[in-house]
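Take a look at the structure below.

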Amino acid sequence: MNAAGSGPDRAEHEKAEHEEAEREELARLLPAPAERDVPSEPYLHHKDRLMQHIDDDQNRTPALARKARPRLLRPALVMPAAALALVGALAVTFTGGGGSGDSAAQPRETATVLLDRIAGTAAKSDVQPVRQDQFVYVKSVGAGAEMKENGASELEPRSEREVWKSQRVKRINKTGEIHDDEGYSPMYELGGSPAGIDRPTYQWLASLPTDPDVLLKELYRMTEAEDGQEKAQAVFEQIGRLLGDVMPPENAAALYKAVAKIPGVTRQEDAVDAAGRHGFAIVRVGKRTWVANEWIFDRDSLAYLGEREYRTKDFAAGKKGDVLSEYALLEHGIVDHYRERPQGDGTTK
C-alpha cells in the first residue's frame with residue numbers, strides 16, 4: 001500500500017497544482033481593463049470576436065467536461081492561442097496605441113469602424129474654399145473595359161488624363177476641359193447643366209446636409225438607379241463619384257458616415273488601385289449585377305486613392321474577377337484658369 005502523498009495520487013496532485021499556477025500566471029499577465037472611454041464600435045466588434053474565439057474553444061471540449069465547468073466571469077484563464085493574440089490586440093486598441101492610420105491599432109476592424117476613422121481624418125483636413133470663378137483640377141490614371149457582343153469584357157490599356165471642372169453654380173454649357181493622349185478638348189452639356197448631383201461643385205457640396213442620416217436620405221432622393229440596379233448600390237456608386245472632388249471637411253466626413261449606414265458595405269484588407277498602390281478597401285457588391293464597386297484608401301493617411309469595378313461571379317461570357325474599370329487619383333487642387341496646374345503649395349503656374 002502506498003504512503004499518503006506518494007505514488008499516482010501525488011503525481012496527479014502535483015500536476016493539478018502546476019496547472020493552477022499556470023492559470024494564475026496567465027491571468028496576472030493579461031492587461032487590466034482601460035479606465036478611459038472606448039469607442040463603442042471597435043469595443044463591441046472586438047468583444048464579439050473575443051467571445052466567439054472562447055465559444056469555439058469550448059465547443060471543441062467534450063460535452064461532459066463542458067457541463068461540469070461553470071461559466072467564468074473573466075474568461076481569461078483557459079483560452080486558445082488565437083484568443084490570447086486577440087486580447088493583446090484589444091489592449092493596443094483600448095489604450096489608444098497608434099495614430100489614425102495605424103493599421104496595427106485597429107486589427108481586422110469592420111467597415112463601419114474603418115469608415116468612422118476615415119471620416120475623422122477627413123474632418124480634420126485643411127481644405128481651401130473654392131470660388132465660382134476657379135476650377136478644380138484632377139489628374140488621374142485609369143482604364144475601362146471594352147464590352148463585347150457575347151458579354152465578355154477586355155480591359156483597355158491604362159492612360160493618364162487631366163480634367164479642369166468649372167465651379168460655376170448656374171447653368172452653363174461648357175462645364176470643363178479634358179487633356180489626354182489626344183490633346184485638349186472641352187466638356188459640353190447639351191442645353192447646359194447647373195450644379196448638382198451630376199455636376200458637383202464646391203458650393204453645391206457645401207450645401208449638402210452634414211447630418212449623416214439626413215444626407216443619406218437626400219442622396220437616395222437625388223440618385224436614379226439604372227435598369228436592373230438596386231437603389232442602395234446606385235447610391236453607393238454615386239457617393240464614390242463624389243470622393244475625388246474638393247469639398248468642405250465636414251461634408252466629406254458626413255459622406256463617409258452616411259456610407260456606413262448603407263446595407264451590404266464591407267471592408268477588404270488589401271486592394272490595388274490603377275497606379276499600383278496598395279491600401280484598405282470599402283466594397284459593396286450589387287445583388288442584381290454581381291459587380292463589386294471598391295474604393296481604395298491609403299493605409300497610413302487614409303486618403304482616398306481610387307476605385308475598381310470587377311465581377312464577383314461568372315456572368316454570360318464574363319468571368320469572376322474580370323475588371324470592368326479602374327481609377328487612381330494622382331493629384332487634385334484648385335486653379336484660376338483652364339490648363340493651369342497646381343503646385344505643391346497650392347498655387348498655380
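**A walk through the model**

Among contacts in the protein (heavy atoms within 4.5 Å) between residues at least 6 apart in sequence, 55% join residues at least 24 apart. This is a predicted model, in which local features need pLDDT of at least 70, side-chain atom pairs count only at pLDDT 80 or more, and totals for chains, interfaces and linings use all residues. Residues are numbered from 1 along each chain as its sequence is written, and side-chain values use heavy atoms, with hydrogens and water left out.

The protein has 9 helices and 10 strands. These are DSSP runs, numbered from the N terminus: helices are H or I with at least four residues, strands are E with at least two. The protein exposes about 20,000 Å². Carbon and sulfur atoms supply 50% of that area.

Now pick out one residue. R221 sits in helix α7, which spans residues 212-222. Is R221 buried or exposed? It counts as exposed (over 50%) because its relative accessibility is 58%. R221 and V235 are 14 residues apart in sequence. In space, their C-alpha atoms are 9.4 Å apart.

Next come the pockets. A pocket is an open set of points on a 1 Å grid over the protein atoms alone, where a 1.4 Å probe fits, with protein on both sides within 12 Å along at least five of seven lines; lining residues have an atom within 4 Å of a point. The largest pocket holds about 1,200 Å³ of space. Its lining has 46 residues. R161, K165, R241, E307 and Y327 lie nearest its centre. Elements that each supply at least two lining residues include α8 (231-242), β1 (135-147) and β10 (323-335). Which element gives the most to this lining? α8 does, with 7 residues. The lining divides into 14 nonpolar, 15 polar and 17 charged residues.

The second largest pocket holds about 780 Å³. It is lined by 31 residues, with S125, V127, D245, V246 and H332 nearest its centre. Two or more lining residues come from each of α5 (111-123), α9 (249-259), β9 and β10. The largest share, 6 residues, is from β10. By class, this lining has 17 nonpolar, 9 polar and 5 charged residues.

Methods:
Areas by Shrake-Rupley, 256 points an atom, 1.4 Å probe, with all protein chains shown as cover. Buried < 20%, exposed > 50% of the residue type's maximum accessible area, 1.4 Å probe, protein only. Points joined across faces, edges and corners; volume = space filled by probe spheres on them. Nonpolar A, V, L, I, M, F, W, Y, C, P; charged D, E, K, R; others polar.
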